[in-house]
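Subject: A structure for you

Hello,

Here is the structure I promised to pass on. My notes on what turned up in it follow below.

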Amino acid sequence: MKKMTMRTRVLTGAVAAAALGAGTFGAMSANASAPAAAPATTVKADTANRNLQQTTHLTLDAATKAAQASLDAAKKENQRVAVSVVDRNGNTILTLRGDGAGPQAYESAVKKAYTAVSWNAPTSELTKRLAQAPTLKDIPGTLFLAGGAPVQVKGAPVAGIGVAGAPSGDLDEKFAQAGVAALAK
């Protein structure tokens with residue numbers, strides 16, 4: 001193999017760098033100027049389309065009304081609680097922490113609401129199911145203690161209300177049911 005002179009090596013390196021730069025610039029220019037692909041089809045949002053499903057969700061105003069009714073029911077009995085309302089998917093819509101509610105009440109209320117909507121049943125009933133299926137309590141985000149109530153429309157769950165902080169789950173659930181009842185008015 002013949003030894004290259006310094007001039008030949010520099011010239012060869014410059015040509016290689018120029019070719020590489022031109023190729024990169026050309027690829028970048030081509031990508032930058034390429035138009036975005038148009039969607040292949042559009043889906044009409046109508047009830048006749050079998051690929052779509054409609055669900056019912058509480059409005060923020062309705063969730064606030066229910067939570068406030070639960071909090072007011074607890075206050076009448078001199079109980080310091082937190083109230084949470086979650087949507088059908090278990091996402092928290094809002095949580096109200098009443099004056100003097102314990103630090104555990106906030107998270108417990110959210111989990112009770114999530115549990116109630118997930119199984120479409122009051123959490124007091126769900127605690128009874130633990131005898132047959134004790135691993136239910138291991139599902140993340142759930143809390144199998146009385147105090148959660150589902151909000152239903154035509155028997156289907158659309159939300160859950162959870163209350164925590166009273167000295168008994170029976171009281172918590174009574175206050176959660178007051179929130180459910182407020183939505184029927």
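**What I found**

In the protein chain, 61% of the contacts with a separation of 6 or more are between residues 24 or more positions apart, a contact being heavy atoms within 4.5 Å. Please bear in mind that this is a predicted model, where local features need pLDDT of at least 70, side-chain atom pairs count only at pLDDT 80 or more, and totals for chains, interfaces and linings use all residues. Residues are numbered from 1 along each chain as its sequence is written, and side-chain values use heavy atoms, with hydrogens and water left out.

The overall layout comes to five helices and four strands, in the order α-α-β-β-α-α-β-β-α along the sequence. These elements are DSSP runs numbered from the N terminus: helices are H or I with at least four residues, strands are E with at least two. Of the 185 residues, 33% are buried; buried means under 20% relative accessible area, exposed over 50%, and partly exposed in between (1.4 Å probe, protein chains only). The chain has an accessible surface of about 11,900 Å², and carbon and sulfur atoms hold 57% of it. That area comes from the Shrake-Rupley method with a 1.4 Å probe.

The largest nonpolar core contains 22 residues, and V81, V83, V85, V151, I161, V163 and F175 have the most contacts inside it. Two or more residues each come from α2 (60-76), β1 (82-87), β3 (148-153), β4 (156-164) and α5 (169-183), and α2 contributes the most, with seven. Such a core is a set of buried Ala, Val, Leu, Ile, Met, Phe, Trp, Tyr and Cys residues joined through side-chain atoms within 4.5 Å. Leaving aside residues up to four places away in sequence, V81 touches a list that includes L71, A74, L96, V163 and F175. Another core, of five residues, lies apart from the largest one, with A82, A101, A105 and A109 among its members.

Just after α2, N78 has a positive phi of about 60°. The 15 residues of α5 reach 22 Å from first C-alpha to last, close to the 21 Å expected. Among the buried residues of α5 are D172, E173 and F175, and what covers the buried set includes α2, α3 (105-119), α4 (123-129), β3 and β4.

On the strand side, β3 and β4 pair in the antiparallel sense over six bridges, where pairing requires at least two DSSP bridges. One of these links Q152 to P157 in β4. The two strands form a hairpin with two residues between them, and K154 in the turn has a positive phi of about 55°.

Finally, is S84 buried or exposed? S84, in strand β1, counts as buried because its relative accessibility is 0%.

Best wishes

Note on methods:
The expected span of a helix is 1.5 Å times one less than its number of residues.
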